[in-house]
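User: Could you walk me through reading a structure like this one? I would like to go feature by feature.

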Amino acid sequence: MADADTPEERIDETTTWPELAIGLYDRLTGRGAEISYQFEEMEVHVPSGTGEDAEHAEWRLDGTVHITTRERE
Amino acid sequence: MAQFTSRPESVNDPSDTARAPLSVATDLTVRINGAEASVESTGERLLVQFRSVPDAVRATRNQPAGVATSLTALLRTTDLTVEARVRDRIVAVAGADARPGAVSRMLDVDPVEVRVGGVLGAVGAEMSAAVGALSRLLS
């Protein structure tokens, strides 16, 4: 991960899922904050690859997800 | 609403230290390639419950290459574990508490842990349900 100064910069510069999670953690932790996502029949077609002939997995989400941080031990 | 709490102490590999332990609460339904699953969190695990073995298999189709590895990296960083179930049997585990073995390597799904007993139990339960339905139909 790049040596960004703030959690916001870290999230902006992420290139992997773990980096995104760490940026999210840094942004949320210590503030008692919570991120809530509400999906209403959200449909996503995830390509299996980058080529034109890539197959697509169809994802449909409905419901809620709430994310908070825990203390590191 | 279901509540999931991650456990930093469950990670054994220092390189996989949970640098961003998160807690996730869900009330969610997902449908992947037409296969519906409920996503709940009880205790320490995030539970993805499929209705049948064919549904669980269908959900794995056409996923991006390397998705299991990427997902595992995310789950270990956040110290989360995802448990896939069919008919209340655990068939696969991914993330912080997954312990992939020879079966996972043989099926080329490592780092996802495959629970052979759970798969057999789910298939048996499915066959039993089918036989029961057939019996009711014929009686």
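Predicted model: local features only at pLDDT ≥ 70, side-chain atom pairs only at ≥ 80, totals over all residues.

User: Is Val112(B) buried or exposed, and how many other C-beta atoms lie within 10 Å?

Analyst: Residues are numbered from 1 along each chain as its sequence is written, while chains are lettered from A and ligands numbered from 1 in the order in which they are written. A residue is buried if 20 or more other C-beta atoms lie within 10 Å of its own, exposed if 12 or fewer, and partly exposed in between, with C-beta atoms placed from the backbone. Val112(B) has 21 such atoms within 10 Å, so Val112(B) is buried.

User: Which residues does Val112(B) touch, not counting those up to four places away in sequence?

Analyst: Two residues are in contact if their C-beta atoms, placed from the backbone, lie within 7 Å. Leaving out those sequence neighbours, Val112(B) touches Ala68(B), Ala92(B), Ala94(B), Ala98(B), Pro100(B) and Ser104(B). Val93(B) is 19 residues from Val112(B) in sequence, yet their C-alpha atoms are 5.9 Å apart.

User: Where does Val112(B) lie?

Analyst: Helices (H or I, at least four residues) and strands (E, at least two) are DSSP runs, numbered from the N terminus. Val112(B) lies in the loop between helix 3 (102-106) and strand 7 (113-114) of chain B. Chain B has 4 helices and 7 strands, in the order β-β-β-β-α-α-β-β-α-β-α from the N terminus.

User: What span should helix 2 of chain B have?

Analyst: The expected span is 1.5 Å times one less than the number of residues. With 12 residues, helix 2 of chain B should span 16 Å, and its end C-alpha atoms are 16 Å apart, so the two agree. Among the buried residues of this helix are Ala68(B), Leu74(B) and Leu75(B). The buried residues of helix 2 of chain B pack against helix 2 (17-28) of chain A, and also against strand 2, strand 5 (81-86) and strand 6 (89-95) of chain B.

User: How many residues does each chain give to the contact between chains A and B?

Analyst: Chain B gives 28 residues and chain A gives 28 residues. On the chain B side, the largest share, 11 residues, comes from strand 2 of chain B. Two strands pair if DSSP finds at least two bridges between them. Here, 11 bridges join strand 2 (residues 56-69) of chain A to strand 2 of chain B, running antiparallel. Within that pairing, Thr69(A) stands opposite Leu22(B).
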